[in-house]
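Please look at the structure below. The questions that follow go through its charged pairs and its nonpolar core.

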Amino acid sequence: MRERLVVSVAGKGGVGKTTTSALLTRAVIEMTKRSLLVVDADPVMNLPRALGVEIPSSIGDIATRLRKSIDEGSLGGEVAKQDVLEGEIFEALVEGEKFDFLAMGRTEGEGCYCYVNRLLTQILDTLSKNYELTLLDMSAGLEHLSRRTNRNVDILVIVMDPSRAAFEAALRIRDLAKEVHINFKKIVIIGNRFPPDMEEELRARLEEENLPLFGMIPNDDELAKTNYLGQPLTELTSESPAVKAVEEIAEKLGLLSEATMLKLLGTNP
Ligand SMILES: Nc1ncnc2c1ncn2[C@@H]1O[C@H](COP(=O)(O)OP(=O)(O)O)[C@@H](O)[C@H]1O
Ligand SMILES: [Mg+2]
């Protein structure tokens, strides 16, 4: 049995988490045959478009329905609730040719969603065991990080853009991961859209915090256009500098090791 990897992409809002997640997905599906589950864990749900995926319903939609049933008293005890949710989750799971996709979405209504959210997190943990690789595009709020129960081999990718707020958020995320005792095997920083002459300064500043600068994604006009036109980033070619950079990052993270093997065997398409 091969190692199961769970990769979470986190960072402040707008720094490029969804972009990074979409390009990591692209790298994995283009260069490996690994079974891949991609999860949009951000309620804003930008990832389906970035990947060109149609979602029938989000987990949040299902949870909202479940909450209604609970409020109306038409459901039994804890076990029944979990069963219903587990059954319905497959409604939200989009099974694609190259990867499966799940959108967490958000629950509607007032009050605390802790209960439903906790269930969702458990289910996500169970589900991810069926895939060699699970990729999570996280929300800036980190809800899912703080509720994770999963102790699989994990990589936390923190994306930063050249802003003080993104830097501070990166440190907070790292600290939060420690606080909630998620022992990531690796925590890495990706600098997105930094002017090239800022790289050394960033690397030095991160080193003071014991954080490695793992990779840089350049600003990419083609990517910006593709996003603006609402086209999937998976359609970008390897000519795109951001795509190239993320392919290297994916390789360095060990997500493409199978591809490396295929290449060595001369069977890579
Ligand atoms: N390397 C890049 N080159 C050009 N545009 C980028 C790059 N990274 C992100 N963007 C753009 O910045 C915006 C925010 O990126 P996004 O990935 O949605 O951030 P997040 O998911 O962290 O909120 C999007 O419009 C995206 O197209
Ligand atoms: Mg996003």
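**Salt bridges and core**

Q: How far apart are the closest N and O atoms of Glu 199 and Arg 203?
A: Glu 199 and Arg 203 form a salt bridge, that is, a side-chain nitrogen of Lys or Arg within 4 Å of a carboxyl oxygen of Asp or Glu. This is a predicted model, in which local features need pLDDT of at least 70, side-chain atom pairs count only at pLDDT 80 or more, and totals for chains, interfaces and linings use all residues. Residues are numbered from 1 along each chain as its sequence is written, and side-chain values use heavy atoms, with hydrogens and water left out. The closest N and O atoms of Glu 199 and Arg 203 are apart by 2.8 Å.

Q: What separates Glu 199 and Arg 203 in helix H8?
A: Helices are DSSP runs (H or I, at least four residues), numbered from the N terminus. Helix H8 covers residues 199-208, and Glu 199 and Arg 203 are four residues apart in it, so their separation is about one helical turn.

Q: Are Arg 26 and Glu 247 buried or exposed?
A: Arg 26 forms a salt bridge with Glu 247, with 3.1 Å between the closest N and O atoms. Arg 26 belongs to helix H1 (residues 17-31) and Glu 247 to helix H10 (residues 241-252), so the pair ties together parts 221 residues apart in sequence. Buried means under 20% relative accessible area, exposed over 50%, and partly exposed in between (1.4 Å probe, protein chains only). Both Arg 26 and Glu 247 are buried.

Q: Which helices hold Glu 91 and Arg 65?
A: The side chains of Glu 91 and Arg 65 meet in a salt bridge of 3.3 Å, N to O. The two residues are 26 residues apart, and the pair links distant parts of the chain. Glu 91 is in helix H4 (residues 78-92) and Arg 65 in helix H3 (residues 59-72).

Q: How does Glu 91 count at 44% relative accessibility?
A: Arg 65, its salt-bridge partner, has 39% relative accessibility and counts as partly exposed. Glu 91, at 44%, counts as partly exposed.

Q: How many salt bridges does a search of the whole structure find?
A: Arg 174, Asp 175, Arg 205, Glu 208 and Glu 209 are linked in a network of salt bridges. Over the whole structure, the number of salt bridges found is eight.

Q: How many residues has the largest nonpolar core?
A: A nonpolar core is a set of buried Ala, Val, Leu, Ile, Met, Phe, Trp, Tyr and Cys residues joined through side-chain atoms within 4.5 Å. Phe 101, Leu 102, Val 157, Met 160 and Leu 255 have the most contacts inside the largest one, and its residue count is 79.

Terms used: Chains lettered and ligands numbered in written order.
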